[in-house]
Amino acid sequence: MKIDKKSIMLIKQGDRKTIEYIYSSYYKLVKYKIYEIVRNNEDAEELTQDVFVKVFDRIEQYDVKNSFATWLINIAKNAGIDHLRKRRVDIEYTDDVSSFNDGEENPFSDDLDKKIKELLTEEEYIIVTGRIYFELKFIDIAGMLNANVPSVTSRYYKVISKLKKGLKKEDFYD
């Protein structure tokens, strides 16, 4: 589902199906991004819920010309940072997610995840992790990025090829 003016209107009207679709499509991604900052599963879970409440309350602030996923991730990152500030913890954003636990095993080792992030743009990373780790369909990833399905599918296979080449140079891939 592409997040467009109609989707925004449906959310404002409290359309349960649209709200549930967005929540279920983005939940793991939001929790993962928050966990990267707060480093605590319980806090990440609570903040994820708060982020979705905030997103649905402030949906009119979303500009449909921009990527919904990027807007949502920015809200999630800010929630994580604000949480740390409130707890007066030094903010040290890290990409080490080795202890992240959403009930599923992280398929990427810390070193591999770090290397993947070095090789890819943020959008490419969303496509690959969305498809492999979060097991999203191309239509869902396309909706997150406000792109069409054939474009996301094509980019996915190009990114996989890019990763194979990049990881082969670093002896991550045979």
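Author: The model is predicted, so local features need pLDDT of at least 70 and side-chain atom pairs count only at pLDDT 80 or more, while totals for chains, interfaces and linings use all residues. Residues are numbered from 1 along each chain as its sequence is written, and side-chain values use heavy atoms, with hydrogens and water left out.

Reader: Why is Tyr 62 called buried?

Author: Buried means under 20% relative accessible area, exposed over 50%, and partly exposed in between (1.4 Å probe, protein chains only). Tyr 62 has 5% relative accessibility, so Tyr 62 counts as buried. Trp 71, at 18%, is buried as well. Of the 174 residues of the protein, 45% count as buried.

Reader: How many aromatic pairs does a search of the whole structure find, and why is the pair of Tyr 62 and Trp 71 called tilted?

Author: The search finds 10 aromatic pairs. The ring centres of Tyr 62 and Trp 71 lie 5.3 Å apart and the planes stand at 45 degrees, so this pair is tilted. Rings of Phe, Tyr and Trp (its six-membered ring) pair if their centres lie within 6.5 Å; planes under 30 degrees apart count as stacked, over 60 as edge-to-face and the rest as tilted.

Reader: What makes Phe 138 and Tyr 157 a tilted pair, and which parts does the pair tie together?

Author: Their centres are 6.3 Å apart and their planes at 55 degrees, so the pair is tilted. Phe 138 lies in helix 7 (residues 138-145) and Tyr 157 in helix 8 (residues 149-169), so the pair ties together parts 19 residues apart in sequence. Phe 138 is buried at 11%, whereas Tyr 157 is exposed at 51%.

Reader: How do you know that the charged end of Arg 131 sits over the ring of Phe 138?

Author: A charge sits over a ring if NZ of Lys or CZ of Arg is within 6 Å of the ring centre and within 35 degrees of the ring normal. The charged end of Arg 131 meets this, 4.0 Å from the centre of the Phe 138 ring.

Reader: What is the phi of Arg 39, and why is Arg 39 called partly exposed?

Author: Phi of Arg 39 is near 60 degrees, a positive value in a residue other than glycine. Most residues other than glycine have a negative phi. Arg 39 lies in the loop between helix 2 (16-38) and helix 3 (41-57). With 27% relative accessibility, Arg 39 counts as partly exposed.

Note on methods: Helices (H or I, at least four residues) and strands (E, at least two) are DSSP runs, numbered from the N terminus.
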